[in-house]
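User: I would like to go through this structure with you, one topic at a time. Shall we begin once it is on the screen?

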Amino acid sequence: QEMTLKLGHLANEDNSWHKASVKFGEELSAFTDGRITVEVFPNESLGKEIDLINGMQLGTVDMTITGESLQNWAPKAALLAVPYAFQTIEDMDAFASGPGGDEIEAQIVEKVQIRPIAYFARGARDLTSNRPITTPADLNGLKMRVPNVPLFVDVWSALGANPGPMAFSEVFTSLQNGTIEAQENPLALIRSASFYEVQSHVNLTDHVRSWIYLTIADATWNKLSDEDKEAVTEAASRAQAYERELFETSLAEDRAFLEEQGMTFVEVDAAAFQAAAKDAVLANVNDEIKPIVEDLFAQ
Amino acid sequence: MDVGILFSIFVLGLVLGIPVAITLGLSSLGYILVAGLPPVVMPQKMYAGMDVFVLLSIPGFILAGNLMNQGGITNRIIRFANALVGWIRGGLGLTNIAASMLFGGITGTAVADAASLGGVLIPGMKKAGYPGDFSAAVTAASSTVGPIIPPSVPMIIVGALSGISVGKMFLAGAIPGILMGLAMMVTAYVISVRRGFPHQPWQGFGEVARAFGGAIWAIAMTFLIIYGLLSGLATPTETAVVASVYAFIVGAFIYRELPLRAVPGIVTNSAVSAAGILALVGFANVFGWILVAERIPQAIADGVLSITDNRFLVILLINLLLLFVGMFMETIAALIILFVPLLSLAEAVGIDPLHFATFAVLNLMIGLTTPPVGVCLFVCANIARLPLSPVVRAIMPFLLTNILVLLAVSYFPPLATWLPSLLIP
Amino acid sequence: MARIIEGLTMVARIGAGLAFAILMAAVLVQVVGRLTGSSPVWTEELTRYALLYMIAFGAGLALRTGDLVNVDVFSEALPGRLPWILRLFSAAATAGLALFLLPHAWKYVAIGKMQTAPALGVRMDVVHATVWLMLAGLAVFAIVRILGMLTGVENGLPDSPGDE
Ligand code: NA
Ligand code: NA
C-alpha cells in the first residue's frame with residue numbers, strides 16, 4: 001500500500017544527519033517502487049526531540065533521530081553519553097555495532113516503543129572557553145553550561161568546574177554576556193551555533209564519544225510487510241554508510257572553519273582528565289549500566 | 001481542502017466572539033478530524049507549546065507590573081511626567097504619553113498600561129477641560145509603547161517561536177519605543193495648539209526634582225531589567241523573578257502603599273493572567289504545527305518571492321499584511337500564526353531576524369489601536385464612556401504618526417539593531 | 001450555584017497561586033546558586049513543571065476573567081438577546097472542545113508513564129497530566145458558566161479579575 005513516513009529531526013539542512021535522512025527516503029522509495037516515501041522535516045519544524053518521540057508513541061510521527069535522551073525511558077541508553085567510555089571512534093563503533101549495542105537497541109524497542117534502524121557517529125564533545133585549559137586543575141570553578149544530563153553535571157563538578165544545566169537556546173547569549181564562561185559540544189554544533197563568535201579556545205577534551213540512532217516508531221514498523229521491513233533495513237544501512245562518509249569530511253572541515261574564525265585548538269592532558277573523571281562517572285551512572293561501564297573502563 | 005476548514009472555523013469563531021484560545025483549538029480540531037489525523041496530537045502539541053523555556057519569564061514580568069501598579073507607582077509616574085511636560089500646551093496629553101513611556105519600562109503588555117494609566121488620566125484630563133475623545137485616543141495610542149520598550153510579552157513569545165535572543169529583542173525595542181513616544185508628543189502638541197487645549201504653569205525645577213525622587217524607584221526598574229540581562233547575572237526568566245521581588249520591596253517597604261495582605265491576591269491574579277496567555281500559546285501551537293505540516297510558511301514565502309525578491313517591496317508587503325491582520329486579530333495569536341512564516345520570507349531576502357522581529361512587533365502593537373478590533377481602543381473608550389467612532393476619529397493622527405515610525409524602523413534597520421550590537425557585542 | 005462557583009474558583013486559585021510561588025522559589029534558588037557557585041541540577045526542570053501546573057489550574061479561571069482573550073466587539077454589538085445567546089454558545093463550544101479532548105489527553109498522560117524526568121526523577125505522567133487538568137478546568141468552568149447563565153446567576157460576561 002501507499003505510505004508517507006514523516007521524519008522530523010533537529011538538525012539543519014546542511015547537516016549530515018539531514019542529508020542521510022533524505023538519502024534514506026530516496027533509497028526506500030527506490031526499493032519499494034515509490035510505494036513508500038519519506039517526508040523529512042529539519043530544524044525541529046515537526047517538533048522537538050522529546051515531543052517527536054512522544055509523537056511516535058502516539059502514532060502522529062513515524063521517524064526521528066535521537067540518542068541519549070532515550071535514557072529517560074530506557075536506562076541503558078545512558079551508555080550513549082558516558083564520559084571517557086571510548087578512547088577512539090573505532091572502540092565506539094565496535095561497541096555500538098556489537099552485542100553491547102544490540103542490548104541497548106532491544107531495551108529501546110521494549111521501553112520506548114521505537115526501533116533503531118541505523119546509527120550515526122557524532123563528533124566527540126570538546127570544551128570551549130576563553131582561556132586554554134589543559135588539565136583539570138585549570139578548570140578552577142569555570143562557570144560552564146552542560147545539557148540537562150545529571151551525569152555531565154556530576155562529572156564536571158568532580159573535575160573542578162562549576163557546571164549548570166541550561167537550555168541550548170540560552171547558551172549563546174549567556175556566553176556573550178558572561179552568565180557562563182564555557183560550554184561543551186561537538187565541533188559541528190560549535191560551528192552551527194556560532195559559538196566561535198563568543199569563545200576563543202577549543203580544548204580537545206574529546207570527553208564524550210557517542211552515536212545517535214535513526215529510529216522508526218514500532219507502530220509504523222508493525223504495519224509494514226516483511227518485504228517492506230527488509231527494504232527499510234537496507235535503505236537504513238545505506239543511509240548509515242553515506243552519513244559516515246559525510247561525517248569524516250565534515251570533522252576536518254569544521255576544525256578548519258573554526259580555526260579560520262580565530263579559534264585556538266588546545267591539546268589537553270587526556271589521561272589526567274580521564275583519571276579524574278572515572279570515579280565520578282562510576283559513582284553516578286545508573287545501576288543498570290554500571291557493570292558495562294566498569295568493563296569499558298577496564299579495557 | 002483541509003486547510004479551508006481550519007481557516008473558516010477560525011474566522012467564524014472570532015466573529016461569534018468565542019475566546020481566541022478556544023477558536024484556535026476548535027479550528028485545529030476541525031482540521032485534524034477532516035484530515036483523519038489522531039486527535040491525540042492536540043494535547044501533545046499543546047503541551048509542547050507550553051513547555052518552552054523562555055515562556056517562563058511571562059508570569060514574572062506580569063507580576064512585577066501588577067505589584068508596581070498597586071504599590072503606588074502610577075500616581076508617582078504621572079506626577080513626574082507632569083512636572084516635565086505639563087507646562088507645554090496640551091500638557092496633560094504630553095504627560096499621558098510621557099507616563100506611558102515610563103510605565104512601558106515596567107509593564108510588558110499594552111492593555112495593562114491603557115487600563116491603569118487611563119483609569120487615572122482620562123477622568124483627570126476631562127476634568128481639566130480636554131475633550132473625552134482626545135483623552136481616550138492619546139491614552140490608547142501611547143499605551144502601545146509599553147511592549148516595545150522593554151520588558152515585552154510579545155517579544156518573549158517571539159523568542160519562544162524563533163529562538164531569537166529575548167535580551168537582544170528587548171534592547172532592539174528601546175530606540176523605536178522612545179522614538180514612537182516622542183513622535184506622538186509632537187502630534188499631540190500640534191493638535192493641542194490647533195484645538196486650543198489648556199496648559200499648566202511651569203512648576204519649577206524643584207518640583208521636577210521632587211517628582212523624580214518619588215518616581216526614581218519605578219524608573220530604576222527598567223534599568224534593573226536591562227542591567228540584569230546585559231551584565232550576565234541573569235536570564236530573562238531570572239530577571240523577571242528578581243524584578244518581581246524588587247517591585248514587592250519597593251511597593252511594600254519604600255512606598256509603603258502595598259498592603260502585605262493584598263500580595264497573595266496579586267500573585268494569584270498574575271498567575272491567572274499568565275495562564276490565559278500561555279493556554280492561548282498552547283492552543284496556537286497546534287494551529288502553528290498544522291500550518292507547518294501543510295507547508296504554508298514555504299508556500300507564502302514562495303508566493304511572495306515569485307512576485308518580487310526586492311527587499312524594499314517585501315518589507316512593504318509584510319507591513320501591509322501585518323497591519324491588515326492586526327486590524328482584526330489579537331497580537332499574540334497573530335504572532336504565533338504569522339511570525340515563523342514571515343520570518344522565512346524575511347530571511348530569504350536578507351532581512352536580519354532581529355530587525356524583522358522588531359518591526360513585526362511594532363506593527364502588531366499599532367494593531368491594538370486600529371478599528372474594528374483594537375483592545376486598547378476599547379478599554380480607553382470604555383473608561384471615557386464614549387462610543388467607539390469619535391475615539392477612532394481622534395486616534396487617526398496618532399495612528400498615522402505611529403505608522404511613520406514603523407516605516408522608519410522598517411527601512412532603517414540600525415534603529416533596531418544598533419543598540420543590541422553596541423551593548424551585546 | 002453561586003456557592004459552587006465560589007468553591008471551584010477558590011480551589012483553582014490556590015492551585016495556580018501555589019504553582020507560581022514554587023516557580024518563583026525555584027528561580028530564586030537558581031540565581032542564588034549560580035552566584036554562590038553551586039547551581040542545583042533540578043531548578044530548570046522544576047520551574048518548567050511549576051509553570052505547567054500554573055497553567056493547568058489557571059486556564060479555567062482565565063476563561064472566566066476573559067484572559068483567554070475575548071474579541072467580542074461584533075457579538076456584543078448585536079441587538080436584543082443575541083449577545084447573551086452567543087455568550088452561551090461560546091461557553092458551550094468551549095465545554096465541547098475540552099470534553100472531546102479529555103480522553104485523548106488521557107492517552108498523552110498515559111505514555112508519560114514510560115518516561116522519567118532526568119533531574120527530578122519524577123514519572124512524566126505526573127507532568128503530562130497538566131494538559132488533562134487544564135482541559136478539565138476549562139470544561140468545568142465552561143459548564144459552570146452555562147449553568148450559571150441558564151439559572152440566571154450570571155450573565156456570561158467576563159468577571160473583573162481585580163475583584164478578589
Ligand atoms: Na515594556
Ligand atoms: Na486592531
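User: Is Gln113(A) buried, partly exposed or exposed?

Analyst: Gln113(A) is partly exposed, because its relative accessible area is 35%. Buried means under 20% relative accessible area, exposed over 50%, and partly exposed in between, with a 1.4 Å probe and protein chains only. Please note that this is a predicted model, in which local features need pLDDT of at least 70 and side-chain atom pairs count only at pLDDT 80 or more, while totals for chains, interfaces and linings use all residues. Residues are numbered from 1 along each chain as its sequence is written, chains are lettered from A and ligands numbered from 1 in the order in which they are written, and side-chain values use heavy atoms, with hydrogens and water left out.

User: Where does Gln113(A) lie, and what is its phi?

Analyst: Gln113(A) lies in the loop between helix 4 (99–112) and strand 4 of chain A. Its phi is positive, about 65°, although Gln113(A) is not a glycine. Most residues other than glycine have a negative phi. Helices (H or I, at least four residues) and strands (E, at least two) are DSSP runs, numbered from the N terminus.

User: And what about Asn43(A), where is that?

Analyst: Asn43(A) is in the loop between strand 2 (36–41) and helix 2 (49–58) of chain A. Its phi is near 55°, a positive value in a residue other than glycine. Asn43(A) is partly exposed, with a relative accessible area of 40%.

User: Which residues touch Ala118(A), leaving aside neighbours within four places in sequence?

Analyst: Ala118(A) is in contact (heavy atoms within 4.5 Å) with Ile212(A), Tyr213(A), Leu214(A), Ala236(A) and Gln240(A). Ala118(A) belongs to strand 4 (residues 114–121) of chain A, and it counts as buried because its relative accessible area is 5%.

User: Changing topic: which protein donors does the sodium ion (ligand 1) have?

Analyst: The protein donors are the O atoms of Gly104(B), Thr107(B), Gly146(B), Ile149(B) and Pro151(B), at 2.1 to 2.4 Å from the ion. Donors are N, O and S atoms within 2.8 Å of the metal (3.2 Å for Na, K and Ca); water is not among the atoms, so sites may look incomplete. Along the chain, the donors follow the spacing G-x2-T-x38-G-x2-I-x1-P.

User: Why do Gly146(B) and Ile149(B) count as buried?

Analyst: Gly146(B) counts as buried because its relative accessibility is 0%. Ile149(B) does so because its relative accessibility is 8%.

User: Where is Pro151(B) placed?

Analyst: Pro151(B) is in the loop between helix 7 (132–143) and helix 8 of chain B. The peptide bond from Pro150(B) to Pro151(B) is cis, with omega near 0°. Most peptide bonds are trans.

User: How many residues of helix 8 of chain B are buried?

Analyst: Seven of the ten residues in helix 8 (residues 153–162) of chain B are buried, among them Met155(B) and Ile157(B). Their cover includes helix 4 (57–85), helix 9 (166–195) and helix 12 (263–293) of chain B.

User: Finally, how many helices and strands does chain C have?

Analyst: Chain C has five helices and zero strands. Its C-alpha trace spans about 65 × 35 × 30 Å along the principal axes. Of its 164 residues, 53% count as buried.
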